[in-house]
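Here is a short report for a reader new to this structure. Please look over the sequence and the model before reading on.

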Amino acid sequence: MDEDDVYMIQRRQPEELSSLIETEATQPGRQAEHLRIAWAKCFGLHPDLNEACTEVVKAIEVAAKPVVTPDDPLATLGKMISAVRDKPEEWETDSEFDGSVQTVLAMMDMVWNGQLRHGDEDAPLEVSQEAAEMTVQTAVLLVSWFRSGRVRLRS
């Protein structure tokens with residue numbers, strides 16, 4: 001489906017990932033809308049890769065804000081990354097891996113740095129297809145984990 005909920009031709013993805021995006025893109029809330037737009041912009045017939053990366057940042061911000069920075073309605077993904085990085089001991093995940101919070105943090109950082117949001121004489125003008133795909137795929141996982149409570153404040 002594209003950003004207008006119309007069926008579209010798109011690049012084939014692994015079944016597990018297609019199933020996850022279908023689940024997340026049909027959830028209530030603005031994060032689902034951002035994911036649908038990002039998916040269409042990344043994997044659709046006429047990609048807009050920079051826009052896809054911008055949309056997934058918005059999706060993560062909507063999903064993670066109530067968990068990471070509930071008292072800051074204007075928090076960006078960058079602020080959320082700082083909040084987790086500054087006090088990683090305050091966070092937990094459903095993973096049994098001791099480094100899971102650091103892994104989530106690295107994934108958030110990768111998405112944040114995967115967008116071309118600043119002018120830079122040496123930066124490329126367009127995100128590559130491969131980089132955009134990885135950014136969007138990572139963001140879908142992050143949105144799912146934050147939305148479902150798999151990443152949370154330690155109780």
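## The chain as a whole

This is a predicted model. The protein chain has 6 helices and 2 strands. Along the sequence they come in the order α-α-α-α-β-α-α-β.

The protein chain has 155 residues, and 43% of them count as buried. Consider the contacts between residues at least 6 apart in sequence: 70% of these join residues at least 24 apart.

## Helix α6

Helix α6 covers residues 129-148, 20 residues in total. From first C-alpha to last, α6 reaches 29 Å.

Part of α6 is buried. The buried residues are Q129, A132, E133, T135, V136, T138, A139, V140, L142, V143, S144 and F146. After α6 comes G149, and its phi is positive, near 85°.

## How α3 packs on α6

Two packed helices are described by the angle between their axes and the distance between the axes. For α3 and α6, the angle is about 20° and the axes lie 9 Å apart. The angle is under 35 degrees, so α3 is roughly parallel to α6. The crossing of α3 past α6 is left-handed.

Which residues of α3 meet α6? They are L49, A52, C53, V56, A59, I60, A63, A64, V67 and V68. On the α6 side, the partners are Q129, A132, T135, V136, A139, L142, V143 and F146.

T69 sits in the loop between α3 (49-68) and α4 (77-86). Is T69 buried or exposed? Its relative accessibility is 11%, and the cut-off for buried is under 20%, so T69 counts as buried.

Leaving out residues up to four places away in sequence, T69 touches A64, A75, M80 and A83. Of these, A64 is also one of the α3 residues that meet α6.

## The cysteines

A disulfide is a covalent bond between the sulfur atoms of two cysteines. How many disulfides does the model have? The count is 0.

Seen from C53, the closest cysteine sulfur is that of C42.

Both residues are buried: C42 has a relative accessible area of 0%, and C53 has 0% relative accessibility. C53 is also among the α3 residues that meet α6.

Definitions and conventions
Residues are numbered from 1 along each chain as its sequence is written. This is a predicted model: local features need pLDDT of at least 70, side-chain atom pairs count only at pLDDT 80 or more; totals for chains, interfaces and linings use all residues. Side-chain values use heavy atoms; hydrogens and water are left out. A disulfide is a pair of cysteine sulfur atoms within 2.5 Å. Buried means under 20% relative accessible area, exposed over 50%, partly exposed in between (1.4 Å probe, protein chains only). Helices (H or I, at least four residues) and strands (E, at least two) are DSSP runs, numbered from the N terminus. The expected span of a helix is 1.5 Å times one less than its number of residues. Contact means heavy atoms within 4.5 Å. Axes are lines fitted to C-alpha atoms, for helices over the stretch in contact, and angles run from 0 to 180 degrees between N-to-C directions. Angles under 35 degrees count as roughly parallel, over 145 as roughly antiparallel, 65 to 115 as roughly perpendicular and the rest as oblique. A crossing is left-handed if the near helix is turned anticlockwise from the far one by less than a right angle, and right-handed if clockwise.
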